Amino acid sequence: MNQTMSTQLLRGAYLPQRHAYVAEQEPAVLHCHHYNCYLQAVLLDTRDYLPRVEQLLIDSAQEVAYAQFKNYFDTHAHLGELDKMQVIEDYFRFAGFGKISLANTNELGGTIESTSDHYGLGWKYKFGPSKQPVSYFTCGFLTGALEAIHGLKCGMLSGHQTSCLAMGDPFSRFVINISPTHRTLAPSPQEGAYQTYQLHPPQDIPVDYLGIIEALTHMPLEGQEQSGLIEAFDVMLTRHYANYYCNISYGFLEEFRNEVGAENHTIAIELLTEAGHVCAFNTFGGIMQSSEWNALIRPSLKTPEDWVHGMVAAVNAFGWGFWEIVELLPNEKLVVKIHSGYEANAYLKKFGSSNVPISFLATGGVTGLMNLIYTLNLPERTPLSLDEEVYKQIHLTPQMFVGRQVHCRAMGDTYDLIEVVKR
Amino acid sequence: MKVKEIQDYLNEKVSPYAWQRVKLRLLPHLKKIGKYFHTISDHDELKEETLDIIHCIIEDMYNQKLNLKEAML
């Protein structure tokens, strides 16, 4: 990378007063390929009767990428077209989405091929080969990014995927053209209705909350130069767009309710929450078995409750807001309070208020933590391969933990509150 | 076969929440047979045609071939 480029990198600083990473007004959150692919799979399960769901996945990525890069290019007006392309290629890699080259594109679109694409590879690793292309996010990202480079309105271009790593193809190919129909895409909620807050770390435990947050937020978690992938904690991580998750999750839920009726939305909410549980199992489990955890955190942990605290401290470095333990009864109950959770931030800005709790990722995540520590007894069993069979063990335990959201900012509360008890 | 038997089998042998995902995909078929998410009960008997569709869904979703009837024996 030349000297000029080194001054033009788009990153996203960690903001301690918000527990958020913000890159040009787009909040970024750490999430793994298990969550990314499972969440997408659930949405795609409905495509036979929600035909818009595939376009929702693409458009949501297009909206956030467009908003982010337009902001960046507006404030860096001196950048030429090639510089702008480099900014985007570099950010795609940095965020762990993979490797791309925009060399064969212009204001009319173009064709982009990638031999390393997070969604294509992540899907294949998690579910095996796919019969259809799966990289909706990448497709939308590229489309929105090209619009931003060339000063087009969001929605003027449209993209589709013609080959996919998940299908066994040697590369994923994306074709972007001028949209045949007039499309107006929604603006990104950008930073959302975020809160500023001061974390109150517990004093009577051997877990250094602030030290853990400091260490994790300074880890060099970025895509490798060759692959553009972040391989860490035994998962493929991304610095993903918080607004992408919210657009697809809540947009899907809205469409689902319209199609099948609000009285039937329980199954969708269960599965959106299960995506959070899958995420916790894999990412929290991977972190709590990582060399970094073993070297820096584990030596001070004496009890399973210390492990719960250690992981909650770590979550505060994910960009997910402020997580604080309100109550922890060993092997019985966990209550976590969340300020500035990214789900509520985006929901409040884009959708307004809700009459049901909407922090699905947080609910599944807190539940997954209790199941890792107590149901699975990870502190005693590590190192443990966290595969599908082990995941089944949790669910086959009659007294596994289940969670519910007791307070929700989108319902008018000042914070989110998640309570997890045995079923 | 009863819904409850299939639900337990899929969630235990295939993947947790497999039944919920199958049900999500099954909706158009359920509507055809006069069922909906909130009206389908554990004791409902599913016919051959529905089981065949479930087989196809599981194969597509998890790359697994199942024979639910044999598996229940």
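# A guided tour of two chains

Start by selecting helix α2 (residues 33–44) and helix α9 (residues 266–287), both in chain A: these helices pack at an angle of about 160°, and their axes are 8 Å apart. Because of that angle, α2(A) is roughly antiparallel to α9(A). The crossing of these helices is right-handed. Now show the side chains. From α2(A), the contact uses His34(A), Tyr35(A), Tyr38(A), Leu39(A) and Val42(A), while α9(A) brings Leu271(A), Leu272(A), Ala275(A), Val278(A), Cys279(A) and Asn282(A). Coloured by class, the contact of α2(A) with α9(A) shows nine nonpolar, two polar and no charged residues.

Before moving on, a word about what is on your screen. This is a predicted model, in which local features need pLDDT of at least 70 and side-chain atom pairs count only at pLDDT 80 or more, whereas totals for chains, interfaces and linings use all residues. Residues are numbered from 1 along each chain as its sequence is written, and chains are lettered from A and ligands numbered from 1 in the order in which they are written.

Some terms will come up again:

- Helices (H or I, at least four residues) and strands (E, at least two) are DSSP runs, numbered from the N terminus.
- Axes are lines fitted to C-alpha atoms, for helices over the stretch in contact, and angles run from 0 to 180 degrees between N-to-C directions.
- Angles under 35 degrees count as roughly parallel, over 145 as roughly antiparallel, 65 to 115 as roughly perpendicular and the rest as oblique.
- A crossing is right-handed if the near helix is turned clockwise from the far one by less than a right angle, and left-handed if anticlockwise.
- Two residues are in contact if their C-beta atoms, placed from the backbone, lie within 7 Å.
- Ala, Val, Leu, Ile, Met, Phe, Trp, Tyr, Cys and Pro count as nonpolar, Asp, Glu, Lys and Arg as charged, and the others, Gly among them, as polar.
- A residue is buried if 20 or more other C-beta atoms lie within 10 Å of its own, exposed if 12 or fewer, and partly exposed in between.

## Inside chain A

Next, select helix α5 (residues 118–127) of chain A. This helix is mostly covered, with seven of its ten residues buried. Pick out the buried ones: His118(A), Tyr119(A), Gly120(A), Leu121(A), Gly122(A), Trp123(A) and Lys126(A). Their cover includes α2, α6 (136–149) and β9 (172–178) of chain A. Step just past α5(A) and you reach Gly128(A), which takes a positive phi of about 90°.

Now go to Leu369(A). Apart from neighbours within four places in sequence, Leu369(A) is in contact with Ala280(A), Phe284(A), Val308(A) and Met311(A).

Select Phe233(A), in the loop between β10 (230–232) and β11 of chain A. Its phi is near 55°, a positive value in a residue other than glycine. Phe233(A) counts as buried because 22 C-beta neighbours lie inside 10 Å.

Asn331(A) sits in the loop between β12 (322–329) and β13 (333–339) of chain A. Asn331(A) also has a positive phi, of about 55°, although it is not a glycine. With 15 other C-beta atoms within 10 Å, Asn331(A) is partly exposed.

Then find Pro383(A), in the loop between α14 (378–381) and α15 of chain A. A cis peptide bond, with omega about 5°, joins Thr382(A) to Pro383(A).

## Where the chains meet

Show both chains: 18 residues of chain A are in contact with 16 residues of chain B. On the chain A side, the elements giving two or more residues are α9 and α15 (388–396). The most come from α15(A), with five residues. By class, this side of chain A has seven nonpolar, four polar and seven charged residues.

## Across chain B

Select helix α1 (residues 3–14) of chain B with α2(B): their axes come within 7 Å and cross at roughly 120°. The two helices are therefore oblique to each other. Ile6(B), Gln7(B), Leu10(B), Asn11(B) and Val14(B) in α1(B) meet Ala18(B), Trp19(B) and Val22(B) in α2(B).

Stay in α2(B) (residues 18–32) and click Leu30(B). Is Leu30(B) partly exposed or buried? Leu30(B) counts as partly exposed, because it has 18 C-beta neighbours inside 10 Å.

Finish at Glu59(B) in helix α3 (residues 48–62) of chain B. With 12 C-beta neighbours inside 10 Å, Glu59(B) counts as exposed. Beyond residues up to four places away in sequence, Glu59(B) touches Gln64(B) and Lys65(B).
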